[in-house]
Every structure is written in structure tokens, then in C-alpha cells.
Amino acid sequence: MAPRRVAVIECEDADKWKDMTLQLWRRILERQGDDFTVFHAHARDLPSVEAAAGFDAIVIGGSHYSVYEDHQWIRELKARVPQYLEAGAKIVGCCFGCQLLAEALGGRVGPNPSGRFVLGVERVSPAPGLSEFPAFERAVERALDRQAAADAAAGFADPLAPRAPASAAGERGGEGAAAAAAGAAAAVAEEGGAAAPCGVAPCFRVMESHGDQVLELPPGAARLASSGTAANEMWCLGDRVLAFQFHIEFDGPIAMEKIHPALTDNGRLSPAESAASWGQLTSGHERPGTVAEVVEHFFRHGITGGGGGEDDDGGGGGDGADGAKVDAEAAAAAEAAASPPPPAPRASRASGAASGATSPTAASERSAPPGGAGISAGGGGGAGSVASSAAPFSFLARQRRAQAHEELLAEHASDLVASASDGFDARMRAAGCDVELLAGANGAAAEEYARAADIAEALARFASDLSGRQSGASEAVALAPQILAGLGGLAASVAALDGATKALERRVAAMAREAGVAAGAVAAAASAGAARGRGGGGGGGAGGSGGEPKAPAGGSHAAPAPGLTASVAAGASAAYKLVVGSFASGGGGSFTGAASGGGASTGTGAPAAAES
């Protein structure tokens, strides 16, 4: 058989599952020469569309996330699914992968209708819709026959009595899926949370761990199997999609170690549910190898392919690798049934103690068939209760549990210290920011104070200057009455000067008239003298007499002029002194003296005019 290339898309990022996804899937599916490659979807590490076409199959595994949560990596993985199918890839979806395929292809996913978390071994029955795919149905029948033969060879008998399947309605996607889910919820309530038994035909016994499930299949999908807790336990779409809600990659011991303690501690499982789950996980009833055979058939032939012979899946009758796995699981189950069961968790042990050491626990009660028989071990119907919690812890069991608790406490303490450290660092950073802000505010305040001081100083100078100006103005206002009195005296002095000027003008005019009369007398006398001279001198004196009469005339006219000028000058001087004296006595100062200069000029103008 040719080696296969298988891509495993890991969707879990919890530390407790680190590096386990690839290991678990290789353990259940790998054959010699196969090439398994892991991709980490939660880190947004996905195969490209071109690379997906080169794988024989793509497996999308489980996760503690819900597919309807808003995470970028979940959205990207949903978007890639149709692209992978269009490129020709075959895809297997397990648990979270089953739900993601449903949503990516048009279905609907939600919390379990019962509201409970399902953890334990579930009985899954083939659905009537399986008959629509004869080749795949034959592969399922061969796997179940091989499981029954291995159980018989190992002396193991399923203790649960046959019952009808939980739901047979709405085999096609979108037809009665909600009603089937409601029927599954009712079956869970009837069983008290225990795994629902199969119908008359053989059933898969698989590990379940889920709080969500597919409520409505994608359009065109077909239901292949259902159980008492989930209507759509296994379904397909076309020839290249196979999805199942249960797990085939891990078994009860791994669930007891990785899942059961966490769900018990966080309250997802009530004490009674925790005890029932523990009883199922320790029963060893699961047969993941049976479903692995069916997955192998899908890898090689898809849903519709395959010739139908036993040799198509390699080694019919339990002789091949798949048959060897089923045989080994049956032998291990028989060995587990013959051995004392492991101790129950504390919650179930407490409930057992409350009802007495010989009383059956809640796990055995919930797992019992309607007839009341407990879960027994061995083909002979041994009476030992699988989930008995009366057996005390051994020393090693107590030591392991104490160590587990110490590790958990140490982990929590470390987380608390880290959180406290982060909180302290955040507070210190905030305090540093506060100090920086305060320093900046103080600097800004100092600058504002400096500017305010400068403004205050300028205001003080302005006030001082204004005060000085007010003092000078006050003095000027005090002198105003004196100035007004001086102006009144000046007005009187000007009036007196005006009168004196007019008197002076009259005097000058009189003097001018007197001077004119005198000049006329002088001229007349001169004329008379000249007449007498012409009569006594004869003709010889005629030449000389032409110029001589002018000299006396000119002399007689010029003679009185100095006296007149002196008089006018004396009058003008007296008038000026009068004006100056008037200004001096009036307190007008240099301003009034200067103003009187015009009056003096006016006074002296008249004699000049008269003289001319």
C-alpha cells in the first residue's frame, strides 16, 4: 500500500496538550511510510490551497474553543475549508473540526441541548442514511463485525442492553435536525447523563468530550450515525467530507488525566456528573480503532468509492493493521475488566461515602441499564462495579494526587505572582507617568509665575509713573486760579495799552500838524528872503541864485526833523516802558511782554506814516 501524506491541523493551544496532537493522530492512523505534517491553526499557520491539494487527507482536530467564537484564526480556517474542497482535498473533522466543517459549509452549531458537558464513553449507532452509501456502509459493517469478533475473542461483553437509537428522523441536513437534537437531549435526561446504549445492531463505542454540537447539518449533508447525546454524531457531505463529534485519537486514561480534573474543578461537571464520567472513563469500553478503520476506508476511497470486498481495506478478518488495533483494544478491555478499577476522584468518593461503603456510586447508577443491573466485567457477568468508589486510595494514588495538587497550586501561585508583578509594573509605570506630568505641570506653573511677576512689576512702574503724573497735574490745577487772575490783569493791561496807543497816535498827529504849520512858515519866510535877494543882487547873481534858495529851504525843512524824530522816539520808548511795566505788574512774564511787542510796533507805525 502506497504511503500517504496527511496534514493534521491543530486547533488546540492549551499547554497541557502541547506537542500531543500530531502524536495522537499518528498513533491511531499512521501506517508505515506515511508522512504526517502538523499545522497550527491557532497560530494562523494553515496549508495553502495549492499545498492542500497535494495531501491525501486533511484532519482538523479538537479544541477547547467554540467554533462560533470570534477569533481571527477560526474565521480564516472556516474560509479555507471550501477552498480546500474545491482544490480536491479530502477533509476529516473531529469534535471541534466536525463543528467547524458544519459552520463553514452552511450548518449551525450551538451548546448541547441538554445544557450539560458530555465526557465519557458514548454508544453511537449507524443511522438509516448510511444505506445511501453502500460502499461506505459495508466498510462500517466490516469494522463493527471485527469489533464484535475481537470482543468475543477477548471474552468482553458490552454490559448495556440493546435499545432503539435516539433519533431516526431527518436524515438529510436541515430536515428535522432540531427535533433530533431535542430527542437526544430527552434521552440524556432519561439516562441521567450516562451514555446511551445502542440499538439492536452493533454500535461504535467511542470517547466523547464536548459542550457544543452540530444542531443543523449543512445543506446536502447526510447523517451517518447518532447517539443519545448528539443527533449528528457522524455525517458526510459529498464524497470528500467526513465529520464525527466523538474522539478516536485518545482514550479513557488520557481523558482522565487531561480533561476530567479540569471540568470537575471548574464546575462544568457537577459532583454526580463527575462521578458518572469517571466510571465511564475507567471502564475501558471505548473502541477508537473501529472508527479508525472507517477513516482508513475514507482516506482511500472517499464516501462513495471502494469495491466492497474485505480486502479493499487491507487484511480482512482482523489480519490487517486495523484489525490488529481492534484486537488489541478488545484484549486491553478484557484485561481492564479483570483488574480492580482505579480510584475515583474525590467528588465521587465523597458521594459514595455518604451512602455507605457497599452502596453503588452515582456513576454505576447512571450507567446501569433500565433493568437495574450494574456495569459488570467479563463474559461471565462478573459482579464487580466498574465505577465503585468504596475502594480506598492506595499510597501511590494518594501520592500522585498530592503531587498533582502541588503542581496545580504551584502553577496557580506562579500565575498569581506573574499577575501581581504585571500589576505592580503597570502601577509603577502609571506612577512614573504621574511624576512626569507633575514635573511638567510644575515647570509650566513656574513659567506662568515668572510671567505674572513681570506683569506685576510693569504694573507697579505704570502705577508709579501715573502717580507722578497725577502729582504734576495737581500742581497745575492748583496754579489755574493764579493763571486766570494773571490773564485778567493782562486783559486790563492790554486795554490800558490800547488807550495809551490811541492817545499817542493823537499826540503824534497833533505834532505832525504843528510841524506842517511850522514848515509852511519857514517856506514863506524863505520865499520872501529870496525875493529880496533877487532885487538887490542884479543879473550877475542870477546864475548863482538858481541853487542858493534850495539850500536854505532844504535846511529850514530838515532842521525841525531831528526834534520830531526824537519826540516820536521818546514817545515810543515811553509807550514800550508802559507796556512792559503793565506786563510786569500783571505777572504775565515773558509771554505777555512778547505779546505786547505788537502793540509797540503798532504805536510806532503812526509816526512813521505821519513822517512820510
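This is a predicted model: local features need pLDDT of at least 70, side-chain atom pairs count only at pLDDT 80 or more; totals for chains, interfaces and linings use all residues.

Colleague: Thanks! How many strands form the open sheet, and in what order?
Modeller: There are 9, in the order 2-1-3-4-11-10-9-6-7, with mixed pairing. Strands are DSSP runs of E with at least two residues, helices are runs of H or I with at least four, and both are numbered from the N terminus. Two strands pair if DSSP finds at least two bridges between them.

Colleague: And which strands stand at the edges?
Modeller: Strand 2 (35–40) and strand 7 (204–210) do; each has a single partner strand, so one side of each is left without a neighbour in the sheet.

Colleague: What does strand 4 pair with in the parallel sense over 4 bridges?
Modeller: That is strand 11, where valine 241 sits opposite isoleucine 91. Strand 3 (residues 57–60) also runs parallel to strand 4, joined by 3 bridges, and isoleucine 60 stands opposite glycine 93.

Colleague: Are the faces of strand 4 covered or uncovered?
Modeller: Both are covered: Ile91 and Gly93 on one side, Val92 and Cys94 on the other, are all buried. Buried means under 20% relative accessible area, with a 1.4 Å probe and protein chains only.

Colleague: Switching topic: how far apart are the end C-alpha atoms of helix 5?
Modeller: They are 30 Å apart, which agrees with the 30 Å that its 21 residues should span at 1.5 Å a residue. The expected span is 1.5 Å times one less than the number of residues. Among the buried residues of helix 5 are Phe136, Arg142 and Asp151. Glycine 155 follows the helix, with a positive phi near 75 degrees.

Colleague: Which residues touch the most other members of the largest nonpolar core?
Modeller: Of its 36 residues, those are Leu29, Phe136, Met234, Leu242, Phe244, Val295 and Phe299. Such a core is a set of buried Ala, Val, Leu, Ile, Met, Phe, Trp, Tyr and Cys residues joined through side-chain atoms within 4.5 Å. Helix 10 (residues 288–301) gives the largest share of this core, 6 residues.

Colleague: What does phenylalanine 299 touch?
Modeller: Not counting residues up to four places away in sequence, phenylalanine 299 touches Arg4, Val6, Leu29, Ala57, Val59, Lys90 and Val92; contact means heavy atoms within 4.5 Å.

Definitions and conventions
Residues are numbered from 1 along each chain as its sequence is written. Side-chain values use heavy atoms; hydrogens and water are left out. Buried means under 20% relative accessible area, exposed over 50%, partly exposed in between (1.4 Å probe, protein chains only).
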